[in-house]
Amino acid sequence: MKAVRFHEFGGPEVLRFEDAERPTPGAGQVRIRVAATSFNGVDGNIRAGFMQGPIPVELPHTPGLDVAGTVDALGADVDDVAVGDQVIGFLPMTGIGAAAEYVIAPAEILTGAPRNIPLADAAALPLVGLTAWQALFDHGKLTAGQRVLINGAGGAVGGYAVQLAKEAGATVIATASARSADRVSAAGADQVIDHTATDVAGAVTEPVDLALNLAPVTPEQLAALVALIRDGGALVNTTVWMPAPSDEERGVRGIDLFVRSDADQLADLAARVGTGELRVDVARRVALADLPALHADAAAGTLPSGKVVVTVADA
Ligand SMILES: NC(=O)c1ccc[n+]([C@@H]2O[C@H](COP(=O)([O-])OP(=O)(O)OC[C@H]3O[C@@H](n4cnc5c(N)ncnc54)[C@H](OP(=O)(O)O)[C@@H]3O)[C@@H](O)[C@H]2O)c1
């Protein structure tokens, strides 16, 4: 089968579109004929070798943490999934990824793909959708009537976070530059602050219950968000290379988020897509053979805002 792999850590040039052995599922696993995977920012850091501490991978390594595809073979002891099922999942981060024609996945991390969007586009949902859900509700405890600031709402996580927070009955204040502002407004933001033109701290006039930071800000900019949060509120940060600050005197908790795969939460997100409550936006679709060029774009900072899907097969 075809796969994109790297045999050594390094820049985008270490990625090779090459032949690899088609894998066989073990107990509790299924093989998926991949329709698409997606690009996540962490992929570049894994490829560069920067994540060998928290996310150790073996070489050669196939990237691709999200999968959308069709179940093609079952290992032993798999009861809940059948050959032919169209599924999505957030794959184990240290395992072999889905930038290939086939991938092995633990059956327990999979859920049915939403049927109302193309299967390949559903690869835009798992990792970033789960991050948005876990940030808002598992960690942020957001409830109806609260105010949430989403810093970095123009990105892939932010697009889902704005929609989910709005649907939960929160007032959503979002930051986005001009390229993303219309999409963030359409997602349901009540206020959009252009972080390239306005001081975010100055533009938030009333305290928020929860702030999410999804943006590559400076530690000083991250610390400034704490002052915008009411006593007893929370700051949830996904850019975990800098720890989330807190204010213990005021009971403001700083939380570093590490997304985890959760098939039940993903099923809930997929159901929301199915009813039209949650929209899946795809900024760009690239073919598997062009994944090395996509990594080069990411390294050069020239990716579009939003989610990029890597298509593998017509399905
Ligand atoms: N810890 C975890 O488990 C976990 C999980 C998922 C993601 N992450 C991380 O969380 C971050 C968000 O993920 P993502 O997939 O949504 O990334 P993304 O698609 O690259 O979005 C990041 C967005 O931040 C915005 N931005 C850039 N500089 C900004 C600034 N100074 N102020 C406000 N916004 C700014 C940009 O939007 P505009 O220019 O369009 O406004 C960009 O679209 C990434 O760093 C990612 O690696 C971590």
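Lys141 counts as exposed because its relative accessibility is 52%, where exposed means over 50% relative accessible area, buried under 20%, and partly exposed in between, computed with a 1.4 Å probe and protein chains only. This residue belongs to a predicted model, in which local features need pLDDT of at least 70, side-chain atom pairs count only at pLDDT 80 or more, and totals for chains, interfaces and linings use all residues. Residues are numbered from 1 along each chain as its sequence is written, and side-chain values use heavy atoms, with hydrogens and water left out.

**Backbone features in loops**

- Lys141 lies in the loop between helix 2 and strand 8; helices (H or I, at least four residues) and strands (E, at least two) are DSSP runs, numbered from the N terminus.
- The phi angle of Lys141 is near 55°, a positive value in a residue other than glycine.
- Asp77, in the loop between strand 4 and strand 5, likewise has a positive phi, near 65°.
- With a relative accessible area of 67%, Asp77 is exposed.
- Most residues other than glycine have a negative phi, and most peptide bonds are trans.
- A cis peptide bond, with omega at about -5°, joins Leu59 and Pro60.
- Pro60 is found in the loop between helix 1 (41–48) and strand 4 (66–74).

**The ligand and its surroundings**

- There are 27 residues around the ligand, and Ser177, Ser180, His195, Thr238 and Leu257 come nearest; a residue is near a molecule if one of its heavy atoms lies within 4 Å of it.
- The shell around the ligand divides into 14 nonpolar residues, twelve polar and one charged. In this division Ala, Val, Leu, Ile, Met, Phe, Trp, Tyr, Cys and Pro count as nonpolar, Asp, Glu, Lys and Arg as charged, and the others, Gly among them, as polar.
- Helix 2 (126–139), helix 3 (156–167) and helix 4 (178–186) each supply at least two residues of this shell, and the largest share, three residues, comes from helix 2.
- An oxygen atom of the ligand lies 2.8 Å from a polar side-chain atom of His195.
- A backbone N or O atom of Val157 is 2.8 Å from an oxygen atom of the ligand.
- A polar backbone atom of Leu257 lies 2.7 Å from a nitrogen atom of the ligand.
- On its own the ligand has 910 Å² of accessible area, of which the protein covers 78%; such areas come from the Shrake-Rupley method with a 1.4 Å probe, and for residues only the protein chains shown count as cover.

**Helix 3**

- The end C-alpha atoms of helix 3 are 17 Å apart, which agrees with the 16 Å that its twelve residues should span at 1.5 Å a residue; the expected span is 1.5 Å times one less than the number of residues.
- Ten of the twelve residues of helix 3 are buried, among them Val157, Tyr160 and Leu164.
- The buried residues of helix 3 pack against helix 2, strand 8, strand 9 (171–175), helix 4, strand 11 (208–213) and helix 7, with contact meaning heavy atoms within 4.5 Å.
- Just after helix 3, Gly169 takes a positive phi of about 95°.

**Helix 7**

- Helix 7 (residues 263–275) has 13 residues and reaches 18 Å from its first C-alpha to its last, close to the expected 18 Å.
- At the start of helix 7, a side-chain oxygen of Asp262 comes to within 3.0 Å of the backbone nitrogen of Asp264.
- The buried residues of helix 7 are Ala263, Gln265, Leu266, Leu269, Ala270, Arg272 and Val273.
- An α-helix has 3.6 residues a turn, so residues three or four places apart point the same way.
- The cover over the buried residues of helix 7 includes strand 5 (86–90), strand 7 (110–112), helix 2 and helix 3.
- Gly276, which follows helix 7, has a positive phi near 85°.

- Asn151 is placed in strand 8 (residues 147–151) and counts as buried because its relative accessibility is 6%.
- The side chains of Asn151 and Thr175 are joined by a polar contact of 2.8 Å; a polar contact is a pair of N or O atoms within 3.5 Å, and within protein one must be able to donate a hydrogen and the other to accept it, while residues adjacent in sequence count only if both atoms are side-chain atoms.
- Ser246, in the loop between strand 12 (229–237) and strand 13 (253–256), is partly exposed, with a relative accessible area of 40%.
- Leaving aside neighbours within four places in sequence, Ser246 is in contact with Val226, Val252, Arg253 and Gly254.
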